[in-house]
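Here is a short report for a first look at this structure. Keep the sequence and the 3D view at hand while you read.

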Amino acid sequence: MSAFFSARPATAADYDTYARLFPELGTDDPTLSREPWAAELMPHTLILEQGSDIVGYAYVVVLKETGYVRHVVVAPEARGKGAGRALMQASAERFRAAGCSRWCLNVKVENTVAIALYSSLGLAKVYESTSMRIGWETLARLPGEEEGITARVIDPREDAALEAAFGLPIGAITICRARAGWVLLRLVDAAQPEEARVGFACFNPSFPGSFPFRVAGPTLVRPLLEALRPHARPEDTFTQVVVEDDPETKHALVEAGASVRMEIMNMAGPIPERV
């Protein structure tokens with residue numbers, strides 16, 4: 001870490017910093033209130049300081065051997081001065097201390113400055129994803145129902161098999177399970193009950209939306225969303241999903257009337273010894 005910057009773990013007193021800087025991500029996602037932030041994000045957040053000023057934060061999650069950089073936010077007045085690299089360096093140090101050998105993140109495809117930084121650190125594009133908003137009324141316009149498909153709660157013993165089936169980092173589902181109020185459902189095919197690669201979602205009703213949200217094909221979106229709908233808040237007329245590396249499912253949702261919120265690039269690579 002450069003002497004110019006220093007990083008430290010977040011404390012409860014840093015909530016106002018999060019609330020001030022989170023909108024800089026430009027995602028239009030709701031800012032968490034103090035209590036859920038303290039429970040879910042604070043233990044995984046690093047605060048970047050320059051002297052007595054707080055100039056950014058990173059929200060980073062350890063997924064077994066993979067470090068997942070969820071947020072990297074630099075205050076507007078500190079941009080272009082190396083704060084982003086300092087946050088990535090602090091993230092890498094935390095991941096290495098936890099035994100991680102690789103890291104990954106998502107970045108908006110138009111954020112060329114951030115992509116250049118991440119590329120310089122050895123991260124490379126893996127696939128593209130699309131964040132989408134889906135009105136519940138559009139379910140009837142999605143591709144036809146699949147026979148023999150049912151949904152049920154994911155058993156913790158199934159996490160690893162589902163992660164492997166859909167190419168997710170180990171621990172991606174398990175960490176969702178620890179979050180209060182989240183609903184974890186999977187699809188089961190009666191014709192192949194042992195098949196893991198059918199579909200699953202980690203749904204946060206208070207967001208409202210699912211991430212991860214994975215299906216083996218577009219015709220499985222409807223039964224999965226129909227299974228999630230009873231868990232949604234009555235006042236919510238829509239839900240959100242991130243369709244990862246799946247252009248066919250994206251197309252089906254757009255055709256049904258879903259709207260695109262943002263296009264995202266997933267990047268991953270080995271954690272370098274020096275950032």
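## The loop between α1 and α2

Not counting residues up to four places away in sequence, Thr 27 touches Phe 22, Arg 261 and Met 262. Contact here means heavy atoms within 4.5 Å. Thr 27 is found in the loop between α1 and α2. Helices (H or I, at least four residues) and strands (E, at least two) are DSSP runs, numbered from the N terminus. Thr 27 counts as buried, at 15% relative accessibility. Buried means under 20% relative accessible area, exposed over 50%, and partly exposed in between (1.4 Å probe, protein chains only).

This is a predicted model, where local features need pLDDT of at least 70, side-chain atom pairs count only at pLDDT 80 or more, and totals for chains, interfaces and linings use all residues. Residues are numbered from 1 along each chain as its sequence is written, and side-chain values use heavy atoms, with hydrogens and water left out.

Leu 25 has its place in the loop between α1 (15–21) and α2 (34–41). Leaving aside its neighbours within four places in sequence, Leu 25 is in contact with Tyr 57, His 71, Val 72, Val 73 and Lys 108. Leu 25 and Val 73 are 48 residues apart in sequence, yet 6.6 Å apart in space, C-alpha to C-alpha.

## The sheet

Twelve strands form an open sheet with mixed pairing. Their order is β1-β2-β3-β4-β5-β12-β6-β11-β10-β9-β8-β7. Two strands pair if DSSP finds at least two bridges between them. β1 (6–9) and β7 (149–153) stand at the edges, each with a single partner strand, so one side of each is left without a neighbour in the sheet. From one strand to the next, the twist averages 25 degrees.

Strand β6 (residues 124–135) and strand β11 (residues 238–244) pair in the antiparallel sense, over seven bridges. Met 132 has Val 241 in β11 as its bridge partner.

## Helices on the sheet

Helix α3 (residues 83–97) packs on the sheet. It touches β1, β2 (45–50), β3 (53–63), β4 (66–74) and β5 (102–108). The direction of α3 makes about 155 degrees with that of β4. Axes are lines fitted to C-alpha atoms, for helices over the stretch in contact, and angles run from 0 to 180 degrees between N-to-C directions. Helix α4 (residues 112–120) lies across β4, β5 and β12 (259–270) and runs at about 165 degrees to β5.

How do α3 and α4 pack? Their angle is about 45 degrees, and their axes are 11 Å apart. That makes α3 oblique to α4. Angles under 35 degrees count as roughly parallel, over 145 as roughly antiparallel, 65 to 115 as roughly perpendicular and the rest as oblique. Gly 84, Arg 85 and Met 88 of α3 make the contact with Leu 117, Tyr 118 and Ser 120 of α4.

## A covered helix

Helix α7 (residues 221–228) is mostly covered, with seven of its eight residues buried. Among them are Val 221, Pro 223 and Leu 228.

## Backbone details

A cis peptide bond joins Phe 207 and Pro 208, with omega about -5 degrees. Pro 208 has its place in the loop between β9 (199–204) and β10 (209–215). A cis peptide bond also joins Phe 211 and Pro 212, with omega about 0 degrees. Pro 212 is found in strand β10.

Asp 28 is not a glycine, but its phi is positive, near 65 degrees. Asp 28 is exposed, with a relative accessible area of 73%. Lys 64, in the loop between β3 and β4, has a positive phi of about 55 degrees although it is not a glycine. Lys 64 counts as exposed, at 54% relative accessibility.
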